[in-house]
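Okay, thanks for coming, everyone. I'd like to walk you through one model today, so let me put it on the screen.

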Amino acid sequence: MFDLQVDQSSNAVFPTATVQFGETYTIPVDTVVPVIYIKNEVFQHTDSSPEKMQALVANVASKLKRLIASNINDKIISEIQIDCDWSDTTQDRYFLFLRMIRNNAEWNSIADNKLQLSCTVRWHQVKYRERTGVPPVDRGLIMAYNVGDLSNSEESNSIINNSTTQKYVSRLVDYPLEYDIALPLFEWIVQYRDGKLVGIHNQLEVALIESNSKTIAKTKNREVSTDFIDGDAYFYQGDLIRTETVKASDLEELARMIEDNSSREYGTIYYHINSPLAIKFTHEQLSTFAR
């Protein structure tokens, strides 16, 4: 529904990327789960006093209620999700925010029924729960993707890497929170310049990239040989680019790995940000991979 981040010029927390619904736009489902993405910096910035946190909670609840009332008031809403990759230093403040928002009157008046509160959980927060804590919510959504180091130009695939996931997944068996699993169904092209990540791109012209770059032996990268532009993306000679995608075999292996290490019933969500990859998978495949 919207993001929360710290505005550097005013040193205050502001909502950004508010969802826009066109007048003719319709959501072809009866039930939706509104999501709020909160950058970890918000809790680094926000005072841990109950008064300051209560003000943040009130602002979030009020904005969300207005957006729902004006855009999706005809949908069934029984769950609202917070997406935040909290850290050791922000755990206390983030968990205080979660406890407070569950008890906020305006938040609980969004729907006629009792709202469940869920939040996203990363693999490292599953494995190192003694340090990172278990969030005080009704349900978690374990994001089973983006396990690699996206900032590393030598990374092979930051979206899905089952050998890396294997190091974390064994602790899923006794994770003390009910959860669902989010599997990746997206692809992108990452761009590096002078060893630093400078762009993430979706749906670029493959032929244009291949004609203006060359493969680098024994790596997943290509090196730009001639400056070129693709839409709003600028590529300069010497830039490194790498296509990261999800193969059916890797997705199936990931799904089975999670199932083998889980002792709970869970639902499966496919996360995608662009449709071209999604339509390469059959309905039967996606149903088979899902729990």
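I'll go through the sheets, then the rings, then the cysteines.

Quick housekeeping: this is a predicted model, so local features need pLDDT of at least 70 and side-chain atom pairs count only at pLDDT 80 or more, while totals for chains, interfaces and linings use all residues. Residues are numbered from 1 along each chain as its sequence is written, and side-chain values use heavy atoms, with hydrogens and water left out.

Sheets, then. Helices (H or I, at least four residues) and strands (E, at least two) are DSSP runs numbered from the N terminus, and two strands pair if DSSP finds at least two bridges between them.

Zoom in on strand E1 (residues 2-7) and strand E3 (residues 35-38): they pair in the parallel sense, over three bridges. Phe2 has Ile36 as its bridge partner in E3.

Asn59 counts as exposed, at 56% relative accessibility; the scheme is buried under 20% relative accessible area, exposed over 50%, partly exposed in between, with a 1.4 Å probe and protein chains only.

The other open sheet I want to show has five strands in the order E9-E8-E14-E11-E10, with antiparallel pairing. Here strand E9 (196-201) and strand E10 (213-215) are the edges, and the twist averages 30 degrees from strand to strand. Strand E8 (residues 188-193) and strand E14 (residues 240-244) run antiparallel and are joined by five bridges. Val190 stands opposite Arg242 in E14.

On to rings. How many aromatic pairs does the structure hold? There are 11, counting rings of Phe, Tyr and Trp (its six-membered ring) with centres within 6.5 Å; planes under 30 degrees apart are stacked, over 60 edge-to-face, and the rest tilted. Trp86 and Phe95 make an edge-to-face pair, 5.5 Å centre to centre with 65 degrees between the planes. Both Trp86 and Phe95 are buried. Ring pairs also link Phe43, Trp86, Tyr94, Phe95 and Phe97 into a cluster.

There are charges over rings too, meaning NZ of Lys or CZ of Arg within 6 Å of the ring centre and within 35 degrees of the ring normal. The charged end of Lys63 sits over the Phe2 ring, 5.5 Å from its centre, and that of Arg131 sits over the Tyr128 ring at 5.2 Å.

The structure holds zero disulfides, a disulfide being a pair of cysteine sulfur atoms within 2.5 Å. Cys84 is buried at 0% relative accessible area, and Cys119 also counts as buried, at 0%.

Note on methods
Axes fitted to C-alpha atoms, helices over the stretch in contact; angles between N-to-C directions.
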